[in-house]
Amino acid sequence: MKISHAIRIAVLALAALASVAFTSAARADEGFVQLTIYKAGWIIGGSGGTGVLTFRGRRYPLSTGGIDYGLVFGGSKTVLRGRVSNIYRPSDVAGVYGAAGAGIAVGRGARAIVLTNQKGAVLELSGHQVGLMANADLSGLAITLQ
């Protein structure tokens, strides 16, 4: 009788330990992203660039590309830095991010944006934009892990 009670307690303790280990392994994490994006257009615009994801102590190269449609005029270079949250693995940052926005940059200006992709990854980025760019458009940014 005492042995079966001890076995029951041991099994419950192992089950509790396993659930804690599983929960911590399944928890979403966050990383750091740096992107350099070049954008140009006249009515229809395009963008492309490169970047780096730093996640769990490792660096992963990224590439970006996108299309803008609406009032788009000019060209610019934007450097953004920030965090990406709600990711489980580096590949979760890859995907299509959409935004609607308006802005103007003449010379150097500040930028800040929050985007979400189809996997639930959330980018919170800020930085600066250099160039001559006026826009009131729908934008899409695709990020791929190289």
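User: How accessible is R89 in this model?
Analyst: This is a predicted model. In the model, R89 has a relative accessibility of 46% and counts as partly exposed.

User: Which residue does R89 meet in a salt bridge?
Analyst: The partner of R89 is D92, and the N to O distance between their side chains is 3.1 Å.

User: And D92, is that residue buried or exposed?
Analyst: D92 is buried, because its relative accessible area is 8% and the limit for that class is under 20%. R89, its partner in the salt bridge, is partly exposed.

User: How many salt bridges does the structure hold?
Analyst: The structure holds four salt bridges. One of them is the pair of D92 and R89.

User: What does R83 pair with?
Analyst: R83 forms a salt bridge with E30, where the closest N and O atoms are 2.4 Å apart. This pair links distant parts of the chain, since R83 is in strand β2 and E30 in strand β1, 53 residues apart. R83 also forms a salt bridge with E124, with the closest N and O atoms 3.1 Å apart.

User: How accessible are R83, E30 and E124?
Analyst: R83 counts as partly exposed at 33% relative accessibility. E30 is partly exposed as well, with a relative accessible area of 40%. E124 is also partly exposed, at 32%. Salt bridges that share partners join E30, R83 and E124 into one network.

User: Changing topic: where does V93 lie?
Analyst: V93 lies in the loop between β2, residues 58–87, and β3, residues 95–116.

User: Is V93 buried or exposed?
Analyst: V93 is buried, because its relative accessible area is 0%.

User: What is V93 in contact with, leaving aside its neighbours within four places in sequence?
Analyst: With those neighbours left aside, V93 is in contact with V33, L53, L62, V84, I87, N117, A121, L123 and I143.

User: And how far is V93 from T116?
Analyst: The two residues are 9.4 Å apart in space, C-alpha to C-alpha, and 23 residues apart in sequence.

User: On to backbone angles. What is the phi of R56?
Analyst: Phi of R56 is near 50 degrees, a positive value in a residue other than glycine. In general, most residues other than glycine have a negative phi. R56 lies in the loop between β1, residues 29–55, and β2.

User: What about N86, its phi and its location?
Analyst: N86 has a phi near 65 degrees, which is again positive in a residue other than glycine. N86 is found in strand β2. With a relative accessible area of 34%, N86 is partly exposed.

User: Back to R56. Buried or exposed?
Analyst: R56 counts as exposed, because its relative accessibility is 53% and the limit for that class is over 50%.

User: What does R56 contact beyond its neighbours within four places in sequence?
Analyst: R56 is in contact with D29 and Y88. With D29, the side chain of R56 makes a polar contact to the side chain at 3.0 Å. R56 and G31 are 25 residues apart in sequence, and their C-alpha atoms are 7.1 Å apart in space.

User: Last topic, the nonpolar patch on the surface. Which residues form it?
Analyst: The patch is formed by W42, I43, I44, I67, F73 and L132, which together have about 640 Å² of accessible area.

User: Which strand supplies the largest share of the patch?
Analyst: The largest share, three residues, comes from β1. β1 and β2 each supply at least two residues of the patch.

User: And W42, where is that residue found, and is it buried or exposed?
Analyst: W42 is found in strand β1. W42 counts as exposed, because its relative accessibility is 60%.

Technical notes
Residues are numbered from 1 along each chain as its sequence is written. This is a predicted model: local features need pLDDT of at least 70, side-chain atom pairs count only at pLDDT 80 or more; totals for chains, interfaces and linings use all residues. Side-chain values use heavy atoms; hydrogens and water are left out. Helices (H or I, at least four residues) and strands (E, at least two) are DSSP runs, numbered from the N terminus. Buried means under 20% relative accessible area, exposed over 50%, partly exposed in between (1.4 Å probe, protein chains only). Contact means heavy atoms within 4.5 Å. Patches are made of residues with over 30% relative accessible area and no salt bridge: like charges are joined within 9 Å, nonpolar side chains (Val, Leu, Ile, Met, Phe, Trp, Tyr) within 5 Å. Accessible areas come from the Shrake-Rupley method with a 1.4 Å probe; for residues, only the protein chains shown count as cover. A polar contact is a pair of N or O atoms within 3.5 Å; within protein, one must be able to donate a hydrogen and the other to accept it, and residues adjacent in sequence count only if both atoms are side-chain atoms.
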